[in-house]
Amino acid sequence: MKKLSLIAVVLACCAFLNGFICVAPASQSTAQVNNNLVVTARLENLLNQNTVYNDNFYSNQKLVNAATVVLKAYADEDGFIKNEIVSAYIKDMYDIDIDLTQNINPDLPQKEGYVLLVPRGYSVYSHKITNIENNGNQLIVTSSVRVSTHDSQEFNMQAETIFIENENSIFGYSILNSQLTEQNLGLKI
């Protein structure tokens, strides 16, 4: 009887302690890995939407024309997109306030309150993040980029992109700059 009571107490204790083991929080390293995967996926998504590189960050017209390519679904039947849509996208994506009341593409048709989606070919950029470096309030992201041009050419490049966390952006981050360079393929001569 004593053995049976002792076994019952031990089993009850095991069952009780097992309940705590099952609901133990994930380890810090597991939570950190999951957080890193989420951030990486979010940044890669932003990189794949980005169409502004190198010196294009310093030209309002180039910023607007790059944004309209991404926003082409918002164009009306004449190819115009509302200024508010374009400026909101640029603010969220690049944290740049842009004045669209000045003439953008002055030699092309104009419509008050709208920006023209310039009919042209464009490239598609497909990024794969290779490194993320936390530099204080900025993330410096290195990615390999597959560029597919409008005339069916494809080539590889490397991008170094600077992000800031931006709670005012629908994306959660904004791109401050992105530089494309030829990818070092490690060729030996």
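**Close-up views of a predicted model**

**View 1. Thr 68 sits in helix α3.** Helices are DSSP runs of H or I with at least four residues, strands are runs of E with at least two, and both are numbered from the N terminus. The model is predicted: local features need pLDDT of at least 70, side-chain atom pairs count only at pLDDT 80 or more, and totals for chains, interfaces and linings use all residues. Residues are numbered from 1 along each chain as its sequence is written, and side-chain values use heavy atoms, without hydrogens or water. Thr 68 has a relative accessible area of 1%, so this residue is buried (under 20%; exposed is over 50%, partly exposed in between; 1.4 Å probe, protein chains only). Beyond residues up to four places away in sequence, Thr 68 touches Ile 81, Val 86, Val 115, Leu 116 and Leu 117 (contact: heavy atoms within 4.5 Å).

**View 2. Buried residues of α3.** They are Leu 63, Val 64, Asn 65, Ala 66, Ala 67, Thr 68 and Val 69. They pack against β1 (80-82), α4 and β2 (114-116).

**View 3. The largest nonpolar core has 28 residues.** Such a core joins buried Ala, Val, Leu, Ile, Met, Phe, Trp, Tyr and Cys residues through side-chain atoms within 4.5 Å. Leu 43, Val 64, Val 86, Tyr 89, Ile 90, Tyr 94 and Phe 163 have the most contacts inside this core. At least two residues each come from α2 (28-49), α3 (60-70), α4 (83-94), β4 (138-148) and β6 (173-182). Helix α4 gives the most, with five.

**View 4. Contacts of Tyr 89.** Neighbours within four places in sequence aside, Tyr 89 contacts Gln 49, Ala 67, Val 70, Leu 71, Tyr 94 and Phe 171.
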